[in-house]
Each structure stands twice: as C-alpha cells, then as structure tokens.
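The report that follows describes selected elements of one protein chain. Please keep the sequence and the model at hand while reading.

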Amino acid sequence: MALNAASHNTSKESGIPTVKIARRLTDLAGEKTGPISGQPPPASSETTAALLGAAKEDPIGQHEGGHDGPDKEAGEKVKSEKQLEKERKQLEKNKKFAAKKAKAAEPASATTSKNKEKKAKADAVTEPELPDYVEETPAGQKKILKPIDDDYHKAYIPKVVESGWYAWWEKEGYFKPHFGPDGKVSEKGYFVIPEPPPNVTGKLHMGHALPNALQDTLIRWNRMRGLTTLWLPGCDHAGISTQSVVENMLWRRQKKTRYDLGREKFVETVWDWKEEYHQQINSVLKRMGGSFDWTREAFTLDANLSAAVNETFVRLHEEGIIYRANRLVNWCTKLNTALSNLEVDNKDLEGRTLLDVPGYDRKVEFGVITHFYYKIDGSDEKIEVATTRPETMLGDSGIAVNPNDERYKHLVGKNARHPFVDRLMPIFSDDYVDPEFGTGAVKITPAHDPNDFALGKRHDLEFINILNDNGTMNHNTGDFEGLKRFDARYKVIDALKKEGLYVKWENNPMKVPLCNKSKDVIEPLMKPQWWMSMRELADEAIKAVTDGRIKIRPENAEKSYFKWLEGINDWCLSRQLWWGHQAPAYFVEIEGEPGNDSDGERWVTGRTEEAAFEKAKAKFPSKNIVLRRDEDVLDTWFSSGLWPFSTLGWPKETHDMKTLYPTSVLETGWDILFFWVARMIMLGLKMTGEVPFREVYCHSLVRDSEGRKMSKSLGNVIDPLDIMEGIELQALHDKLKVGNLDPKELATATKFQKASFPDGIPECGADALRFSLISYTTGGGDIAFDIKVMHGYRRFCNKIYQATKYVLGKLPSSFKPQPHSPCPSPKASLAERWIFHKLTVASREINVALTDREFSSAASIVYQYWYNHLCDVYIENSKSILQTGSSEEQESALQTLYTALEQALTMIHPMMPFLTEELWQRLPRRPGDSTPSIVKAAYPVYEKEMDDPASEEAYELLLAVTKAIRSLTAEYSIKDNAELTVQLFDEAAFKTCTEELASIRSLSGKAVITGGKINIIGAKDQKPAGSVVAAVNASASVFLKVTGRIDIDAEIQKARKKLNAANEGVKKQKAIVEDETWRQKVDAKVQEGERKKMENLEAECREMEDSIASFEMLKLE
C-alpha cells in the first residue's frame, strides 16, 4: 500500500524519512503539487518528490544525462540556414514575450534575486510553435510511424503520440473477447466488467474519467495475462434526469412543455437528443483509450434490455413480489413524479431558516414549529397542537393523545371541529404519543405524513388528500383551493390569528426532504403505485456477501451495504414520466363494473399486450373487458439493476450469457452502492440464480482542489477533454455561459476558474490523465483534483518518451534482441543484475497490487521502476559502457537495455495505452515474436532467476556512494576537478566499490567526469586531510577535498550543526530500540531496520567529529 505521508518509513536509497524528502522537495518547489494525508489520497512521498522534480525539467523534454545535460559524445546535428533563421525569429519572439511578462509583473518586487531572474528567463524560453498536427494515417489502418527526430517527435506531444491508434485497435478486434475453437473461454479464465452506464444527460466529467481509468487498467492487464476479457460499454436512459433536461431545453428554446408536444412527439424529441449526446459520450471514452468492445454496446431502452425489464416485472408480479398499493410516496411537485427514498436528500436545519424553493419568488420559512388551538365540538374547551407544516392542518382528520395523559383523558371520544372546513375530528388515545413532547396532543394528517399514515390505518381515520400533483391546494381545502402549498402556509397562519386560534412559533431543529434532482421540497402524498417487496431479496443479498460469493472493497463500503439492506423498505417502482420503460401492467376495465386503480385484483401483467389480454380473459371469464395500460414508467434503477445479465443477452440463453456470466468485477462509486449495486445483486440472484459479479470495488469521489464536491454552479466541473487537449481560461469561462447558471452562480464559478486555472489548463494527454487518477486511488478518502499533479505526470510521460528515444538511438540497425530468458547472462555486469532484480521484483509487486486493487501502489511501483531505476540509474550507467566498454560489454548492455525497456513499456501499458503502443511499435521484435500490438503482448511476471538481493545490496551501495558524491560536490559548488575518496569499512563493500569504480564515476556527475578523480581506501587507511565528509552508512563514507576552495570557519559551524542533529537522532533511536515494550510489539525485521538506522546515525556522528577535527587542523596549516 502507498505510504501515509505522516509515516516515518525510510527511503531505501537515502536513509532519510520519506516524509522529510517530500517536505524538502516541496519547499524547493515553493508550492504543493497535490493533496496531503488527511485530505484525499496522496501519491506516495517518493512519487510526489519525483513529480516535483520532473516539473522542473527542460520544457522541451530533453532527457538529462545524469541530470547534467545531453550526451556530449553524441555530437550535434548541423542546422541549415533556414532553420537557424527560424530559431533566431523564435528567440526574438520569446524575448518580446518575456519582456511583456516582466512588465506585467511590475512592481512585484524590487529586490528579486539573480537566481529568480535567471529562472524567469529560462521559463520564458519555450519550444517553437508548430502548425497543428494532422494525422496522416487513414482511420482504421495501422499508424504510420514518422521518424522519431522530426519536428513533431523531438519532444513528447500528447496529441501526436495519441493519434491514430484507437481506430486501428478497434478495427483489428483487439477489444473483443476471444474464445477457443470450441467456443470456450481461455484456459486461464475470463475477466468481464460491465461498464457502469453513464447517464445520457450530457457530457462526461472527471467523475466518469476516474472509473474508466481504473476499469480499463484492469481489463488491459487481464487481457495481457491471457484471460478472455470483455469490457461491455453502454448508456443509461436516466429517466428523471434526461426528461428534466429535455423539458428545460424545450421551455428555454420554444417556451413549450411536454404536454404541448404530447407523449409520442416528446419521446421522439428525447430520442433525438439522446443520439447527439450519446455520440459525444462515446467519443470521450475512446479518446481516453477505453478498450471497450463496441460491438456489444448496450442502452437501457434497447429491445433486448426492454424485454429483460418486461420479463422481470411480469415474473415478479406473478410471484407476488411486485404488487399494487395506495401508499404514501415521496412526491416531487417540480418533476411531477414519485421518488424512492434514495432519491431524497434530507437537509438538516438548526432552527428558523429561509430556503429557496422552485416556483417561489421569495424564500420559504422552515425550521419552526407553529402552535395553535382546535376547539372541542359542543364546548368552550380548546386543545393545543403543534406542527412544522401549518398548511397540512387542512388535511387533519384526528387528534391523538397518550392514554395515560391525565390532561386529556376527559377529551378522548370527543371531537374537535376544524375551523376552515366542515369537518369533525375524533380525539383518540394511542401509546405512540409521547406526553412529554410538545403539548402532548398530536394532530393527525394520515394522507400527508408517514407516521400519521400508520395511526390513520390503526384507528380507521379519514385519509384526506389536500394537494394537486403540481403542489397547489385542491378541492378539499375550502377557501385555500388553488393556492400554492407554501403560500397556503402563510395564509393558514393568518387565518388562525384572525380566528384567535394562533398560539406561537418556536425554533425547531428538523430535516427538510429535498429532491436530489430538482431541489424541490418533497411532499408525502397518497398514490396508487407499483411496489416491490424487498425483505426476502435483501436477505439473500446479505448472504451472498457474508458467504464470500461477492467481495466488497473497501471494507467500510461492505459495512454500509449491510446496514442499508438490514433496514430496507419496500421499493416504489412507479414514476410519473414519459421517458423510460412503461410498466407492462394493464388495468382491466369491466363493462358495468367501476374499478379502482389501487385495487391490485383489477390489474394484469404481460410480456406483450396480447399475453396480458389472455390473462385478463382467464381471470374474468364471461366479462366484456378492455385493457388500459398503466401510463407510468418504471424507476430507472429497475432496468439498471438488470444490467450485468441483460447486457449479455438475458432472458435469452446467449453464448455470452452461458460463458461470461457471472461477470468478474463491478467497479463503481460508493455513492450508488444502494441505488444500484445492492439492487443488481438482489435482482441477479432472483432472476438468474447466480450472483451478478464476484467483486465490487467502490472508488472514491473526485472533488476539486479545495475538497468540495464538483458542481456546475461552483465552476469546478472539469471536462476530461479539457485536460487531455488543454483549454484557455477564456474558453473555460465561455463554457459556463452555455449552461443554465444564474448570474450569481456564474460569478462564483468564474471566480473559481480564475483562481484555479489562471493560465487555463495545459495539454496533459489521456495517458497522464489516466495515470494521475490511478495514482490517486487508494481506496480511502475522496480525491482532490489538482491539475499540477496531472501536468507533472505529463512530464513523467516525457521521461518515458525520451528514455525510449535514447535507447532506440543506441540500438544499431543490426541489433537483434535475444530470445527471452529469465536468467541473466553469466557475464552480466552488477548494474545489469541489479536492473533485472528491480524488474522482476516490480513485476511481482505490481501484479499483487492490481490483484488486490491497490491502484495507487501499482502506479507507484511502475513509476519507481521507470523513473528511479531505469531512467535515472541504469540508463545513466549504460552510457559509459556504450562509449568505452568492450564489444561484448556493449552488446550485453544493449540486450539488457532492450529487455528492461520492453518490459517497462508492457508493465505500464494498462495505465498508459497510447504512449506505450507508440514506443513499443518502434522496438525490434524478438525471434519468433509476431505479436501485432502491445495490447496483446504478455504482461511481465515474476521470474525467480532474476531475483538477486545480493546484487541489489551491492549496487545500491554504489548508488548511495554516488548520491553522497553528488550531494557533496553540489553543497560545496565543486563543478569540476573534484578530488574524492571513498572509504569502506567492510570487505564486501570494499570489493564492490573497487570492482565497480567505473560505474561510480559514470553516476557521479560533472564534477567527477570533468577532470575529477576517485580513490578507494579501506577501513584501516588514513582519512584524507583537508576534506569534508558525508557518511553514506555504517559501511561507507565519502570525502571531498576542499582545501583552498571553502570558508573553513563556516564549514566548522555547518559540521557542528550536523553533529548536533545526528546526536539528537542517535538519542531518539536509542530510546526506540531500548524500549522493552516496543521490542515485544514489533517483529525482528522492523527491529533490525531501526538498529540499522541507529548505526548509520552513529557513523555519521563519528564522521562529523572527524570532519570538525580535520577542519581545525586545516586552520593550523
């Protein structure tokens, strides 16, 4: 797992706590590049540090030779006069641009340092502008690879690298599941992900980009492992959302409602709208590189999926699981439909609050409780009641009191008279009433309150509906008829005051139910609807997880799943919409016998109308009947709940259904665990007898850089295309104006964009976007989106690009890679054995990480292999061998470079498909390897023969020594002619460094390469005089001769500070390792690591003491 940023784990190379590395580099950069622990998931500290370093590289992406510039031995390409003239013009242009920037910045600071001035000049030098790139490859054909040194390929340009590949992949059928001649899946098994279908309501955003990056990583990885794979794409019709969007569009453009068009014409309009946005959604998914099998694409209103809906509804109705009932529903007056509990958000109020409600010009008061009197019929007595919804008193049909409440015992059995409508209301007793709460007397409105509904049923009260579907008061409300419900609220209070019945109002903490689509206040309303009994289905769904048939990750998501299913209620399936699956239910109208819509006995269901009619004739023989189909459609989540198997052909027995079901993984957001995931499990078990998938992985939610939920009104909803292709700030602003934001929201959104993207969004490409999202995903908290991190990963793509270019440039035209062998050559150098060891360990670890869905760890593993091991170490080490080594050494180094690079490309391919294909296709193939695409290449696996811990330890001693050399020469500004001594304190270390002196020189930087020298001495040899020292570890120290090149007094002061710090470190480490309780709690490996830290700190103390003594001696000379 990725390390927590607050841990004290130690970096293997440096011996410095990782948290310190991250902090120091962050300080150097001057700003954070991403979220830290506590906020959503950070990249590992090593990765963050490397990203910050990468962000400071040369803007054209020049691969650095040991961070010291290009290989001088390579020579320079002679430029034509025309090229030189072009460069001169570009420099002039850059000068003007720099001057303009400088002027705009004045008077930022009158005391800018020379270093900052140099940096500003360097930043102003940008690569020459090129005309827009045009891909010459005909769509669907294999990409025409241009020379890697032409103008468009000198540096990494995402749109150049990412063009041309997708259409070829798709045409070649690489994304289709492959079956054997017998129609069976691969002997290694199959891996299927049904894509959570995006709503066809508009453009995709980062919340869609994240799961697509994760799912495609799993799909590509399993495809490369040899499994039969299928990533099945599709879209959801999204009933309420889509109808709402289209209705708003109709009103905005034509000032028409759906009723003006009629049902048939309105549905045609939605289909037209769907086709337009559906194609936009698919184009973004393809642009991101999603390896979907588009030949199997599904839509929830397709014929087969509609047949699956009808089959399920009819079968469950026949079994009595789906039934008709007149019950309270959550009614949205804005959308004019019922909603499930999951589609309702409860807003907590502390007291009196004014809220915006759709359809009202002024805010409406909530969070108060109003007290008033009812008069007792036939007497002068009154009874005080209280309510948070005064308008509902128009539907009151009784008053309840506790049977033991002495205050009201004499009133039980009497009636209260309603002051505004001609109605007597019985006063009755019920244990439900709490005598200590409020007045102890409760007004009962059975048709408009869930608790009152139960009391009304129990005491046979009248159920009086007071609302029309549009939220106005109906004919049961007397003089208030026609008023909007919240206008009626204030009128009722005024009328109570006029009648002398008003008592008071008080602040009242409460929850206000809101429609999560329209933000309208939900009204409990009596409606005859279709309901689904859930208890039995939920119990089976719980059992499927507890017995291990389905694994839910992370663990907290599993706990939430159980909690919801244990308290589940029956599901209201009916929606009063036109866009969706019309219920396959028919009311039987019998001549001469009036019926009631809420009477389930008068309803029949059928897969077709003809089948329903046959059922009706059998149910009502010898009757003249006519069928009337229910106009309501079904909840969108009903059809979505069938997605894993309806998309494979169910209820037909298709080949896909037989071979690829149950599916493998359902990867989705935890926020729809109940809406969708639980319902898929329940319906899958019920309809197929099998779980719909073996595993559920719930990813985090993407939030903005401030941790806020993404919202159009905040301006923080980011289009993945804008990250992949880049966008200017003004264009971002213009996008806001296309939406439906009011002026206040528009101002807020514009302000956020200016603050977050002052220079717009730079082009990052699909590969960098994907890798960023994968590296963020720890399975923990939500993700704080940060464009700086994503652009940092574009630099990482450049590192890969330039490293591959370097290797390709070193491979002679006659080079032939050897057949793959897990065994390094007996003559392989230490560096080669080390990189093979790192390769096989990384292969093992990344396969484990992906198996465990540790996405961030997987990204970190491959990042570290590429950046820290292959690019910054092995490639640098190989340069000296390729320049000065024997022919045998050079050939061995080239073969190792090829293997290390080829495996690195295949290892990172699932995360970065475009860049890896572009580079892999340029590599020569091994004998007998006819693999046409990296998509089909074998994924790296652990090979025991390459696992060589001894070589790792030996080579990393060299790396630690060269790191100390670089650090010393940089600290004392020694740029050439450095005189260095490496002292080793054990025989193994001495032998390693003596034999690998050439490698040490090649990795030690300019100060050594340019006229410098390195001496190797043993433990008993005299330490060099006039030198500063760096303790590498307990086995080695590095000395740099500084006589005549430094201020001795200043260095003594520095050494004393280091000594003090090292002494403090020793003291702390001793406290740890000598703590008996600690020793009992941690294992031997951890104890050994902490003891090693203490030994290294003690060695540093000795070296600092010797260094101070040496400086003191220098003063006396």
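In the loop between which two strands does serine 598 lie? In this predicted model, serine 598 is found in the loop that runs between β22 and β23. Apart from its neighbours within four places in sequence, serine 598 is in contact with Arg324, Asn326 and Pro528.

**The chain as a whole**

The secondary structure of the chain consists of 36 helices and 33 strands. The chain has 1117 residues, of which 53% count as buried, and its accessible surface comes to about 51700 Å², with 50% of that area belonging to carbon and sulfur atoms. When contacts between residues at least 6 apart in sequence are considered, 77% of them join residues at least 24 apart.

The strands on either side of the serine 598 loop, β22 and β23, belong to an open sheet of 3 strands in the order β23-β22-β24, with antiparallel pairing. Its edge strands are β23 (603-605) and β24 (625-629), each of which pairs on one side only, and the twist averages 35° from one strand to the next. Strand β22 (residues 585-590) pairs with β23 over 3 bridges in the antiparallel sense, and alanine 585 stands opposite threonine 605 in β23.

A further open sheet has 4 strands in the order β6-β5-β18-β20, and here too the pairing is antiparallel. Because β6 (337-339) and β20 (571-572) stand at the edges with a single partner strand each, one side of each is left without a neighbour in the sheet. Strand β5 (residues 322-332) and strand β18 (residues 523-532) run antiparallel and are joined by 10 bridges; within this pairing, valine 329 stands opposite leucine 525 in β18. The residues in contact with serine 598, among them Arg324 and Pro528, can be looked up against the ranges of β5 and β18, residues 322-332 and 523-532.

| Helix | Residues | Number of residues | First to last C-alpha | Expected at 1.5 Å a residue |
|---|---|---|---|---|
| α7 | 206-224 | 19 residues | 27 Å | 27 Å |

Which residues of α14 are buried? Leu537, Ala538, Ala541, Ile542, Ala544 and Val545 are buried in this helix, and they lie on the same side of α14 because they cover an arc of only 155° around the axis. The face turned away from this buried side carries Glu536 and Thr546, which are exposed. The cover over the buried residues of α14 includes strands β18 and β19 (551-553), together with helices α15 (555-566) and α20 (673-688). One of these covering elements, β18, is also a member of the sheet of 4 strands described above. Just after α14, glycine 548 takes a positive phi of about 90°.

Helix α7 is mostly covered, with 17 of its 19 residues buried. This helix is followed by glycine 226, which has a positive phi near 95°.

Terms used: Residues numbered from 1 in each chain as written. Predicted model: local features only at pLDDT ≥ 70, side-chain atom pairs only at ≥ 80, totals over all residues. Heavy atoms only, no water. Pairing = 2+ DSSP bridges. Buried < 20%, exposed > 50% of the residue type's maximum accessible area, 1.4 Å probe, protein only. Contact = heavy atoms within 4.5 Å. Areas by Shrake-Rupley, 256 points an atom, 1.4 Å probe, with all protein chains shown as cover. Axes fitted to C-alpha atoms, helices over the stretch in contact; angles between N-to-C directions. Arc of directions from axis to C-beta. Expected span 1.5 Å × (residues − 1).
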